[in-house]
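Here is a friendly tour of the model you have open. Please keep the viewer at hand as you read.

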Amino acid sequence: MTKQHANWSPYDNNGGTVVAIAGADYCVIASDTRMSTGYSILTRDYSKIIQLADKSVMASSGFQADVRALQKVLEARHLIYQHQHNKQMSCPAMAQLLSNTLYFKRFFPYYAFNVLGGLDSEGKGCVFTYDAVGSYERVGYSSQGSGSTLITPYLDNQLKSPSPLLLPAKDAVTPLSESEAIDLVKTCFVSATERDIYTGDKLEIVILNASGIRRDYMELRKD
Amino acid sequence: VTNSAPSMINLIGSESDSQRTLYPYVTGTSVVGIKYKDGILLAADMGGSYGSTLRYKTVERLKTVGKHSIIGASGEISDFQEIMRNLDELILYDNMWDDGNSLGPKEVHNYLTRMMYNRRNKFNPLWNSLVLGGVKNGQKYLGTVSMIGVHYEDNHVATGFGNHLARPLLRDEWHADMTFEEGVKLLEKCMRVLLYRDRSAVNKLQIAKITEEGVTISQPYALKTFWNFSAFQNPTAGAEGSW
């Protein structure tokens, strides 16, 4: 008798798209709030964004149970860091921690596609983009998730990012103002919602700047 | 949630895995839940199917958890019984502190989520989709967890077929602050559609109500069904003379 194989998968894709854009003194992190499975919508109001530290905000799409577990691990590690160092983790430090946490499960990965946004130690906007096993780089903007293939080319066009091959390296943060960046993000999601079935319902935008953190919402198509 | 990728096969099975869950045996079908003015309403039928046989018809799939919550389960009934053993122990230890504090629905839902996710991590899942509803300190809470740990809260939730048949009805007709009568009527509408269209549904259901005052689970009852559609009256009327 041939060995029985399990007919369940430990993974599922709960969809959604996340975007982050770094500015001179702000960072915009946005995601839709739709959670799906297969061709069904589970809920229209689920936040994929979490504030991990004063100046670090993470947005993740992919398998929701793994995303939540990852968030909890990072939250716990940040609390320990605060106890040990009596200060908040900087965004670049959190970026390294996220990478290490993901690689730790290299052989049973967190199915999470992350974008970490915040302010670096100089107060400039920073965005870090990841794959599921922790490979990361600092960029001026990024998009992950089901709508990323629709959004990334648009951002490449609008933000005219300098080539990473240039020497000396040119700064990737956008010269756009905060409100211009927010409008750009809204346009990205409205467009992605049109063609990606897993993106829609509502857009949540988190803006981090010197004055602190603020949230904006916008309705998206629900079909 | 089927899995046939060649890369997964070796990860999931090995020599000593005769103990791991491969597939469910006795299963319950949909659970539907809604928030209403005074609290939460859950509905589930009392069927326990054994594959395609409707084997058990008195399975209680709605249970109270402490003073503030109710749980509804679909999927493998024996795994639900295991979950109840864990929850009962959790509540017992909570009561033994005797400190005036009690676990609310949010806490119980989090516990369930961690339990389901951790079993999924060990490739030995509890084969259930759970609904957890409750009220504590005036705050209403309604959440759900799947067998691989996917969880969320919403104003209305459903498991299994309920996601396909009941949620659309709830999206259309649910509104905030429904009365108890309106809530029961809406849930019965959902359960009736499920009875018509879900092969594993049985016409014997319970409705559970939870408010700040406490929990009540109704006695089992049956829904009226309507088959007098004109198309069913004389189904062969158009067939005379045809083959």
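This is a predicted model: local features need pLDDT of at least 70, side-chain atom pairs count only at pLDDT 80 or more; totals for chains, interfaces and linings use all residues.

## Ground rules

A contact here means heavy atoms within 4.5 Å.

Residues are numbered from 1 along each chain as its sequence is written, chains are lettered from A and ligands numbered from 1 in the order in which they are written, and side-chain values use heavy atoms, with hydrogens and water left out.

## Chain A as a whole

Let us begin with the overall build. Chain A has four helices and twelve strands; helices (H or I, at least four residues) and strands (E, at least two) are DSSP runs, numbered from the N terminus. Its radius of gyration is 18 Å, close to the 17 Å that the globule rule gives for 223 residues, so chain A is as compact as a globular protein of that length. That radius is taken over C-alpha atoms, and the globule rule is 2.2 Å times the number of residues to the power 0.38. Along the principal axes, the C-alpha atoms of chain A fill a box of roughly 65 × 45 × 35 Å.

Of the 223 residues in chain A, 53% count as buried. Buried means under 20% relative accessible area, exposed over 50%, and partly exposed in between (1.4 Å probe, protein chains only). The accessible surface of chain A is about 10,300 Å², with 53% of it belonging to carbon and sulfur atoms; such areas come from the Shrake-Rupley method with a 1.4 Å probe, and for residues only the protein chains shown count as cover. In chain A, 22 positive and 23 negative charges have mean positions 5 Å apart. Lys and Arg count as positive and Asp and Glu as negative, leaving out His and the chain ends, and each charge is placed at NZ of Lys, CZ of Arg, CG of Asp or CD of Glu.

## Chain B as a whole

Chain B comes to six helices and 13 strands, and its C-alpha atoms fill a box of roughly 75 × 55 × 30 Å along the principal axes. Buried residues make up 48% of its 243 residues. Chain B exposes about 12,800 Å², of which carbon and sulfur atoms supply 51%. The mean positions of its 26 positive and 26 negative charges are 4 Å apart.

## The largest nonpolar core

In soluble globular proteins, nonpolar side chains tend to be buried together. A nonpolar core is a set of buried Ala, Val, Leu, Ile, Met, Phe, Trp, Tyr and Cys residues joined through side-chain atoms within 4.5 Å. The largest one here has 50 residues, among which A:M58, A:L70, A:L116 and B:L42 touch the most other members. Elements that each supply at least two residues of this core include helix 1 (64-85) and strand 7 (112-119) of chain A, as well as strand 3 (39-45) and strand 12 (205-211) of chain B.

Setting aside residues up to four places away in sequence, the residues that B:L42 touches include B:V32, B:L62, B:V131, B:L187 and B:I207.

## Some individual residues

A:A112 lies in strand 7 of chain A and is buried, with a relative accessible area of 0%. Beyond residues up to four places away in sequence, A:A112 touches A:S61, A:V67, A:L70, A:D131 and A:A132.

In chain B, B:T113 lies in helix 3 (residues 105-121) and counts as buried at 2% relative accessibility. B:R20, in the loop between helix 1 (6-12) and strand 1 (26-28) of chain B, is partly exposed at 27%.

## Backbone exceptions

Most residues other than glycine have a negative phi, and most peptide bonds are trans. The bond from A:L167 to A:P168 is cis, with omega near 0°, and A:P168 sits in the loop between helix 3 (148-159) and helix 4 (178-195) of chain A.

A:D201, with a positive phi of about 75°, counts as buried at 1% relative accessibility.
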